[in-house]
Amino acid sequence: MAAQRIDKILSSANIASRSGVKALIKAGRVLANGQVVKRPEEKFDPLTTTFSVDGQPVVVRSYSYIMLYKPQGVLSASTDKRAKTVIDLLPDELKDRDLFPAGRLDKDTEGFILLTNDGNLAHKMLAPKSHVYKRYEVHCDRILTESDCQAFANGIQTGEQTFLPAEMKLLGENKALVEICEGKFHQIKRMFHAVGAEVIYLKRLKIGGVSLDETLAVGQARRLTEQEIVELLSRNHGINEEI
Ligand code: URA
């Protein structure tokens with residue numbers, strides 16, 4: 001991997017913001033290959049250098065993983081000639097190379113979207129056999145009942161499409177939490193349509209074991225923590241997990 005500035009490497013590894021990392025370097029708290037780093041402009045190969053801050057080793061990854069609280073009205077795409085995309089929302093500090101949304105949310109859906117440049121993770125997240133469940137909050141135009149939950153649990157079959165069993169938990173008259181492990185086009189809306197309900201609001205709350213950070217405002221983003229990355233990369237998440 002090409003050499004990069006140490007302040008960029010450590011801020012990408014979630015140690016601190018760019019200016020926070022500069023302060024750590026100034027205080028002599030950052031080592032690279034056992035030597036104190038003197039200036040934030042110094043360059044290192046992020047994958048072959050060992051870094052530590054206050055004696056604690058730093059895990060440096062070759063890919064980026066960013067959680068964005070996608071607002072309604074924004075496209076889940078990397079670029080678009082006319083509309084604003086999820087990548088356009090990122091501050092410069094998070095605009096790493098080759099980011100794309102791992103899985104799409106409709107333009108009128110809000111919530112957790114993962115931006116990454118790790119194609120393998122994106123593939124894993126979307127493949128049903130990986131059992132990475134995505135949790136949604138859904139509001140409908142009619143009252144939902146236990147028989148809707150049962151229909152979802154059985155798997156929904158429409159004329160042209162089959163949807164795998166999904167878990168639904170009623171939240172209120174016309175509100176529910178739903179977990180699905182597929183990512184078919186307009187999937188949640190089509191599943192509800194199949195039981196005679198129209199979705200009027202949709203928000204993704206969780207991907208696998210990682211929840212949308214409640215401290216993020218709509219449109220804000222942050223890097224996943226190391227623990228969240230490990231959670232996404234290593235574990236499968238089944239429907240039996242507490243919804
Ligand atoms: N299902 C939908 O119908 N829309 C989304 O944006 C996500 C899941």
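Helices here are DSSP runs of at least four residues, numbered from the N terminus. I note before the first entry that this is a predicted model.

**Entry: the ligand shell**

I looked up which residues surround the ligand. I found Leu105, Asp106, Thr109, Tyr136, His186, Gln187, Ile188, Lys189 and Leu202. I sorted this shell by class and got four nonpolar, three polar and two charged residues.

I looked for N or O pairs within 3.5 Å. A polar backbone atom of Asp106 is 2.7 Å from an oxygen atom of the ligand. For Lys189, a backbone N or O atom lies 3.0 Å from a ligand oxygen atom. For His186, I read 3.3 Å between a polar backbone atom and an oxygen atom of the ligand. On its own the ligand has 240 Å² of accessible area, and the protein covers 96% of that. I also checked the pockets: the space taken by the ligand is the second largest pocket.

**Entry: a sheet**

I turned to the strands next. I traced an open sheet of four strands in the order S3-S2-S5-S6, with antiparallel pairing. Strand S3 (35-36) and strand S6 (56-57) are at the edges and have a single partner strand each, so one side of each has no neighbour in the sheet. I followed S3 to its partner S2, residues 30-32, and found antiparallel pairing over two bridges. Which residue in S3 stands opposite Leu31? I noted Val36.

Notes
Residues are numbered from 1 along each chain as its sequence is written. This is a predicted model: local features need pLDDT of at least 70, side-chain atom pairs count only at pLDDT 80 or more; totals for chains, interfaces and linings use all residues. Side-chain values use heavy atoms; hydrogens and water are left out. A residue is near a molecule or strand if one of its heavy atoms lies within 4 Å of it. A polar contact is a pair of N or O atoms within 3.5 Å; within protein, one must be able to donate a hydrogen and the other to accept it, and residues adjacent in sequence count only if both atoms are side-chain atoms. Accessible areas come from the Shrake-Rupley method with a 1.4 Å probe; for residues, only the protein chains shown count as cover. On a 1 Å grid over the protein atoms alone, a cavity is a set of points where a 1.4 Å probe fits but cannot get out, and a pocket is an open set with protein on both sides within 12 Å along at least five of seven lines; lining residues have an atom within 4 Å of a point. A molecule sits in a cavity or pocket if more than half of its atoms lie within 2 Å of its grid points. Ala, Val, Leu, Ile, Met, Phe, Trp, Tyr, Cys and Pro count as nonpolar, Asp, Glu, Lys and Arg as charged, and the others, Gly among them, as polar. Two strands pair if DSSP finds at least two bridges between them.
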